Amino acid sequence: MMTLMMIPICLALCFAPLLRSVINKTKAFFAGRKGPPWLQPYRDIRKLLGKDAVYSKTTTWLFRAGPLVSLTGVMLALTLLPMGSIPTLLAFPGDFLFLAYLLAQGRLFVVLAALDTGSSFEAMGASREVQFGALTEPVLLLAIATLSHHASMFSLSSIYQTGVPDIWSRAPIILLILALVFFVVLLSENSRMPVDDPTTHLELTMIHEVMVLDHGGPDLAFIEYMQALKLWIFSTLIVGLFMPSIELPVGLQCAIFLAGMGVVGVAIGLTETMMARLRMEKVPQLIVGAGMLSVFTLLLEVF
Amino acid sequence: MLPGANETRELALSSIDAWHVPYGSLSFNLDALSAFFLTLILLLGVLTAVFGKNSSGTTWFFFISLMFGMTLVVLAANALLFLFGWEIMSLASYFLVTTRHQEPGVRAAGWTYLVATHLGTIFLFVMFFLCEQKTGSFDFHAFSSLSAQSPEVLAAIFACAVIGFGTKAGFAPFHVWLPDTYPETPSHVAALMSAVMAKIAIYGLLRMLTFLGEPEAWWGITLIAIGIMSGLSGIIMALSQKDLKRLIAYSSIENIGIITIGIGLGLLGMAYQATGFAVLGFAGALLHILNHALFKGLLFLAAGSVLQATKTRLIDDLGGLLRRMPITGGLFLFGSIAITALPPLNGFISEFLIYLSALGGGLTLRFPANLPFLAAVLGLALIGGLALAAFAKAFGLVFLGRARSEHSTRASESGIWMLLPMVVLALCCVAIAFGSGFFLEEFAPIVGVLLPHHSAATEMTLQAVAGQAFAIAMLSGIFLAVLGILALFRYLLLRGRVVQTGVTWGCGYTKGTPKMQYTSTSFSEPLSLLFSPLAAMKTEVTAPSGFFPSAASLQRHVTDTFRESIYLPIFLRISALFSHFRLIQHGRLRLYVLNVVVTLLVLLTWKIGFSS
Amino acid sequence: MPARMTSAMATLLCVDLMLISFSRFRILIYLLTVQGIMIGAMPFLLRDAPHSLFGYGLMVLSLGLRGVVFPWLLLVASRKIKLLQQGDCVLPHATAMALGMGLIMYCVWLGSRLSLPVPPMSSLMLPAALATILMGLMLIVTRRHALSQVLGYVVLENGISLLGISLHVEEEVLVELGTLLDVFVGVFVMGVMIYHIRQEFDALDMDQLSELRE
């Protein structure tokens with residue numbers, strides 16, 4: 001049983017960086033390029049782990065603790081995430097609140113580490129990160145609360161394992177709208193294209209990348225890995241909405257799940273190919289719109 | 001946590017013999033609810049007293065009076081005694097606010113406080129006299145017959161209680177005195193006022209609610225609405241402050257808002273006969289009262305420690321203090337994590353209970369009855385996200401980065417007597433975070449006072465929640481373990497490697513100075529602008545002019561919308577109205593005597609001539 | 001069938017929400033097309049087959065007008081006056097969205113209060129119809145440009161016909177056709193008027209017409 005429960009976590013720990021490769025390959029394909037090799041994210045992390053460290057004179061212990069704490073929070077969030085019909089390691093009513101606040105914990109420490117450098121560039125990124133975070137967190141919670149409302153369930157695993165198939169049979173439109181909401185939250189929380197440009201840290205897009213300007217060596221490796229896991233978590237929330245409800249062997253479930261993750265990766269890549277980054281003041285509109293959509297799905301209960 | 005929870009029930013029966021005075025009796029009563037608040041008063045009272053052990057004799061006198069007043073309020077079983085204690089509390093705190101009365105800002109803050117608190121007290125007088133009219137007694141045990149009164153009377157009492165107690169607690173829109181007052185008050189007194197005195201007002205509200213019987217749905221909805229408004233406007237304003245203590249003061253309003261949401265959810269659950277959510281709402285509110293007392297006390301004391309070391313409260317003059325005041329800084333970070341309700345600390349657990357209550361109500365009730373519950377979920381989520389931003393700013397700009405002025409380069413760590421109370425408070429926070437699974441069931445008698453006749457359901461719900469608190473504590477434990485393993489991994493990686501230090505990467509610019517760091521206004525500007533109806537941004541520009549412009553300046557600050565657009569016009573109007581009476585305030589003694597003579601003659605004529 | 005109907009109604013409500021929150025005219029026209037096609041196709045899904053070929057003809061005509069002709073006319077007109085990329089909402093984005101959300105909540109509440117002689121296929125049907133009507137009105141109120149206001153009228157008409165469908169009005173196709181033709185003529189007249197206003201004033205900001213008052 002325990003080994004079975006560990007499967008989703010191990011999948012996440014092993015394949016999370018690969019999801020980034022899927023996105024990069026998709027973007028490269030549409031740009032007519034070959035793109036970096038599939039294993040490039042792993043190589044980057046290995047290279048960074050092997051490096052020496054340089055710290056700014058301004059920084060304190062907090063700068064060194066930041067990546068560790070945020071990585072811990074994100075790793076712990078994995079234990080609450082359901083995958084198909086495999087039981088999660090831990091489930092209790094309201095565990096999604098814990099998940100959301102763990103991610104917030106991670107955000108706080110990345111932001112504090114950025115402020116610790118005393119650089120105004122990084123503080124600008126930090127300021128924007130807390131701004132968008134303050135907006136996406138309610139939307140994420142609202143979307144999961146909507147899901148829990150329609151499923152009449154309180155914990156993530158029961159919502160996804162018994163609630164979601166039930167909603168499919170009653171009103172699939174709810175799940176489609178919520179998938180869209182989760183997707184917007186994913187783009188915003190993981191600093192993807194219409195919100196932030198993951199490939200630059202220029203002034204125009206100073207959000208996530210600029211916050212980690214001063215990190216290097218193992219610290220940067222932790223941050224990179226944390227980002228990959230975070231992307232994995234949000235993608236899992238989307239893929240879970242579309243997992244088949246019938247009892248399947250574990251191997252097949254994993255295969256379907258990974259295929260679903262691949263589809264999400266392609267979708268992110270497509271979005272990044274087609275869309276330009278929004279102007280900063282337009283981003284809240286996007287997030288608030290997603291929030292409105294999830295409030296709207298709350299209303300669709302009259303049956 | 002509450003060792004005497006069971007004994008207090010027996011104590012309640014054997015209350016001390018009443019001492020009869022005109023219009024009432026000085027009777028006392030101690031039940032679980034009083035005991036809970038008494039714990040807060042005594043714990044925080046002692047700790048803040050240790051922090052302020054160097055204060056003058058006058059301060060000590062009023063500090064003790066404040067403690068006495070609060071204790072009296074909590075123990076009173078008679079409306080007159082309650083008001084007596086309330087007045088002592090208000091006056092003592094007024095004198096504490098004006099400790100440094102030589103400064104005009106302090107005098108203004110004291111004046112605002114005195115006016116606000118007495119305006120609130122008027123509503124309490126009206127409320128208690130209304131109760132006396134209907135029951136024929138000022139005694140609290142006679143008040144329990146109030147529930148048989150007509151809905152209009154109950155509504156009037158409820159409204160008076162919300163306004164009267166809400167003014168003291170800091171409900172928006174009655175909160176405007178609070179952010180002016182707390183920053184000017186000595187830090188340990190501000191800690192006591194914010195952590196405990198505001199809660200005494202909540203106690204008054206809860207106590208009145210126990211007399212009013214089955215609540216109506218709109219009471220709960222009103223409290224939830226007030227809670228969301230207080231929470232949101234409080235945290236937005238906190239985010240936009242430049243003054244560290246003011247920021248923390250505004251965050252008190254936010255937390256009072258969260259507590260109010262919990263109480264509102266409890267009332268709504270009672271009105272809809274959903275005992276489970278009522279219990280969760282009340283228990284969450286009570287636990288948040290305790291939690292807030294602990295971490296707000298901690299934060300105010302830490303801010304006091306910073307103020308004492310740097311002699312400034314302005315965030316833009318601070319920075320880099322974590323190096324110079326490592327213990328204060330660590331404790332402030334600790335308090336910030338707790339107050340933003342992040343796991344693994346205690347703030348999360350109480351907000352979790354309130355969330356569960358709101359989610360449960362939203363999940364089981366039908367539209368539109370579930371709207372207030374869902375609004376509470378949304379409100380709490382928004383407040384949570386913004387609180388993170390506010391405290392990232394408070395900690396990040398004050399303690400991290402480089403020192404922005406001489407104030408913080410000169411700073412050094414405070415003494416042991418200042419640090420000790422903070423450490424104790426932090427330890428209490430840890431105890432609640434990891435031990436709440438053990439003592440949540442002990443809340444049953446306290447919730448039982450608010451929610452009588454449902455003791456079985458109360459205990460069942462609390463037991464279930466205690467199970468979840470265990471799960472959370474376990475996850476928090478795993479969190480620390482994983483963190484430890486990762487830290488070890490990092491240590492092993494870096495062992496034997498070259499670890500250098502250099503300057504912060506300035507994107508190619510090498511002449512960066514501390515003054516170029518992000519300021520408090522620039523950090524919070526995007527969010528302030530986004531929520532601009534709640535926090536109006538004022539810009540004062542002196543544009544450069546002429547061919548050789550010399551002086552130019554740009555100042556931005558955020559003003560409290562309630563203060564600027566509601567109270568200021570009203571009070572200006574009142575002051576304009578009363579300025580007409582200055583005519584008789586001319587300063588000539590002869591005419592004053594004439595006034596007295598005329599008044600006496602008129603009264604005499606009226607008494608003799610018209611009373612046959 | 002009810003689940004599918006509910007999904008369709010939910011989509012219509014979604015379209016309503018988007019109509020009030022987006023300001024670009026091109027998106028509004030796309031949304032109007034989706035709405036028109038869905039509402040035009042509704043009678044085919046709902047009813048037993050009409051008794052006559054004439055009935056079928058009317059339904060096809062209604063679908064054609066709503067789903068193709070109106071959006072196309074608006075598209076042509078807006079292209080001519082280069083409105084496609086502009087927005088003209090008088091409200092800030094978030095306010096408009098919140099307003100739309102509030103209206104939808106109100107309609108859902110209203111729909112749960114009204115009791116109909118014949119219960120509709122889905123409990124969301126009535127709210128969707130009411131919301132579409134209100135959204136049409138709000139579009140007229142919150143937009144500056146004459147063409148947006150015409151679009152508001154078309155949305156309003158879509159809502160009325162959806163209301164007719166959900167109320168099971170006898171001979172509803174005829175009633176609907178009446179309103180449809182009214183709107184058609186209205187749009188036509190508006191089109192001519194807009195053309196002339198533009199010729200005269202070189203601007204279509206309806207707020208500026210207030211200068212014509214005495």
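In which helix of chain A is the place of Ile223(A)? In this predicted model, Ile223(A) belongs to helix α9 of chain A, which covers residues 217-239. Ile223(A) counts as buried because 21 C-beta neighbours lie inside 10 Å, where 20 or more are required. Leaving aside residues up to four places away in sequence, Ile223(A) touches Pro67(A), Val212(A) and His215(A). Val110(A) is 113 residues from Ile223(A) in sequence, yet the two C-alpha atoms are 8.6 Å apart in space.

Two serines of chain A have a positive phi. Most residues other than glycine have a negative phi, and most peptide bonds are trans. Ser152(A) has a phi near 55 degrees and sits in the loop between α5 and α6 (156-170) of chain A. For Ser191(A), phi is near 45 degrees, and the residue is placed in the loop between α7 (172-189) and α8 (208-211) of chain A. Ser152(A) counts as partly exposed because it has 13 C-beta neighbours inside 10 Å, whereas Ser191(A) is buried, with 22 other C-beta atoms within 10 Å.

Chain A meets chain B through 63 residues of chain A and 62 residues of chain B. On the chain A side, two or more residues come from each of β1 (53-56), α3 (61-78), α4 (95-116), α5 (120-151) and α11 (283-299). The greatest contribution to this side is that of α5(A), with 19 residues. By residue type, the side of chain A that touches chain B holds 39 nonpolar, 16 polar and eight charged residues. Strand pairing also links the two chains: β1(A) and strand β3 of chain B (residues 499-502) run parallel and are joined by four bridges. Within this pairing, Val54(A) is opposite Gln500(B) of β3(B).

Chain B is assigned two domains, domain 1 (1-213) and domain 2 (236-493). The C-alpha centres of the two domains of chain B are 23 Å apart. Their contact involves 37 residues of domain 1 of chain B and 36 residues of domain 2 of chain B. At least two residues of the domain 1 side are supplied by each of α1 (5-13), α2 (32-51), α8 (177-184) and α9 of chain B. Of these helices, α9(B) provides the largest share of that side, 13 residues. The domain 1 side consists of 26 nonpolar, seven polar and four charged residues.

Helix α7 of chain B (residues 151-169) has 19 residues, which at 1.5 Å a residue should span 27 Å; the distance of 26 Å between its end C-alpha atoms agrees with this. An α-helix has 3.6 residues a turn, so residues three or four places apart point the same way. Gly170(B), which follows α7(B), has a positive phi near 100 degrees.

Two cis peptide bonds are described in chain B. One joins Ala172(B) and Pro173(B), with omega about 5 degrees; Pro173(B) is in the loop between α7 and α8 of chain B. The other runs from Pro343(B) to Pro344(B), with omega near 5 degrees, and Pro344(B) is found in the loop between α14 (326-339) and α15 (347-364) of chain B.

Chain C contains seven helices and zero strands. Of its 214 residues, 40% are buried. Among chain C contacts between residues at least 6 apart in sequence, 73% link residues at least 24 apart. The mean pLDDT of chain C is 77, and 75% of the residues reach at least 70. Confidence in chain C is highest in helix α5 (residues 125-142), at 88, and lowest in helix α7 (residues 172-201), with a mean of 68. Where pLDDT is low, the predicted coordinates should not be read in detail. For the complex, the predictor gives an ipTM of 0.94 and a pTM of 0.90.

Definitions and conventions
Residues numbered from 1 in each chain as written. Chains lettered and ligands numbered in written order. Predicted model: local features only at pLDDT ≥ 70, side-chain atom pairs only at ≥ 80, totals over all residues. Expected span 1.5 Å × (residues − 1). Domains from an automatic or database assignment. Contact = placed C-beta atoms within 7 Å. Nonpolar A, V, L, I, M, F, W, Y, C, P; charged D, E, K, R; others polar. Buried ≥ 20, exposed ≤ 12 C-beta atoms within 10 Å, placed from the backbone. Pairing = 2+ DSSP bridges. pLDDT = per-residue confidence, 0-100.
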